[in-house]
Amino acid sequence: MLKINKILYLYIAFLLLIVFRIIPNIIFIQSVILILFAVCILMFINKNKTLWGLGVFSLGSIMNSIVMMFNNNKMPVSRELLHKLNDIDFFKYLETSKKHVMMDESTQLSFLADTIYVPGSSGKWLRIVSIGDIFIFIGVLVILISIIMTIVNTKHKTSVMQN
């Protein structure tokens, strides 16, 4: 049976992300929150090593946290892709965004930033993603598949035992 251990670490990590989004833009405090987020994710991984996909999900979360820490706690977005897509709405969003910033020559770790175009994607903000976002998506997908497989296997064993 699938068992998730020390889920409190995960709750704390998500609470830290919520706090990160609502606090004023104070770089030091936001950096500390991102570090604590990464520590909580690592602690959760350590306690749940057998949960398939969790490592991939966590690696993506940590990659996103790192690039944000090195860029004033904002996720840089590729200027070239935005121009290519002619995404006026996203340009307007970037003017007031607390989470994203336009990539420029001062951007650090740009290979971890939102630089990957996802063709045919739906939704305003899912068209340009980071490698971390892709890892998060794959990790969530693998976790969901492993949970579904566990449920199916449990039901199958139960029905076999009853027959």
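Here is a short chat about the pockets, the fold and one serine in a predicted model.

Visitor: What does the protein chain look like in terms of helices and strands?

Guide: It has 6 helices and 4 strands. Going along the sequence, the pattern reads α-α-α-β-α-α-β-β-β-α.

Visitor: Why is Ser58 called buried?

Guide: Buried means under 20% relative accessible area. Ser58 has a relative accessible area of 1%, so it counts as buried. This serine lies in helix H3. As for the chain, 34% of its 163 residues count as buried.

Visitor: How do you know which residues Ser58 touches?

Guide: A contact needs heavy atoms within 4.5 Å. Leaving aside residues up to four places away in sequence, Ser58 touches Ile41 and Ile45.

Visitor: What share of the contacts in the protein chain comes from residues 24 or more positions apart?

Guide: Counting contacts with a separation of 6 or more, those residues account for 66%.

Visitor: What makes a residue part of a pocket's lining?

Guide: It must have an atom within 4 Å of a point of the pocket. For the largest pocket, the elements that each supply at least two such residues are helices H1 (7-22), H2 (27-47), H3 (54-69), H5 (88-96) and H6 (131-162), along with strand S4 (128-129).

Visitor: How does the lining of the largest pocket divide by class?

Guide: There are 20 nonpolar, 4 polar and 4 charged residues. Asp, Lys and Arg count as charged, so Arg21, Lys99 and Asp133, among the residues closest to the centre, fall in that class.

Visitor: And what about the second largest pocket?

Guide: That one has a volume of about 160 Å³. It is lined by 11 residues, with Leu10, Phe44, Leu51, Leu54 and Ile143 nearest its centre. H1, H3 and H6 give two or more residues each to this lining.

Visitor: Which classes do the residues lining the second largest pocket belong to?

Guide: The lining has 11 nonpolar residues, no polar ones and no charged ones.

How values were computed: Residues numbered from 1 in each chain as written. Predicted model: local features only at pLDDT ≥ 70, side-chain atom pairs only at ≥ 80, totals over all residues. Heavy atoms only, no water. 1 Å grid on protein atoms, 1.4 Å probe; cavity = no way out; pocket = protein on both sides within 12 Å on 5 of 7 lines; lining within 4 Å. Points joined across faces, edges and corners; volume = space filled by probe spheres on them. Buried < 20%, exposed > 50% of the residue type's maximum accessible area, 1.4 Å probe, protein only.
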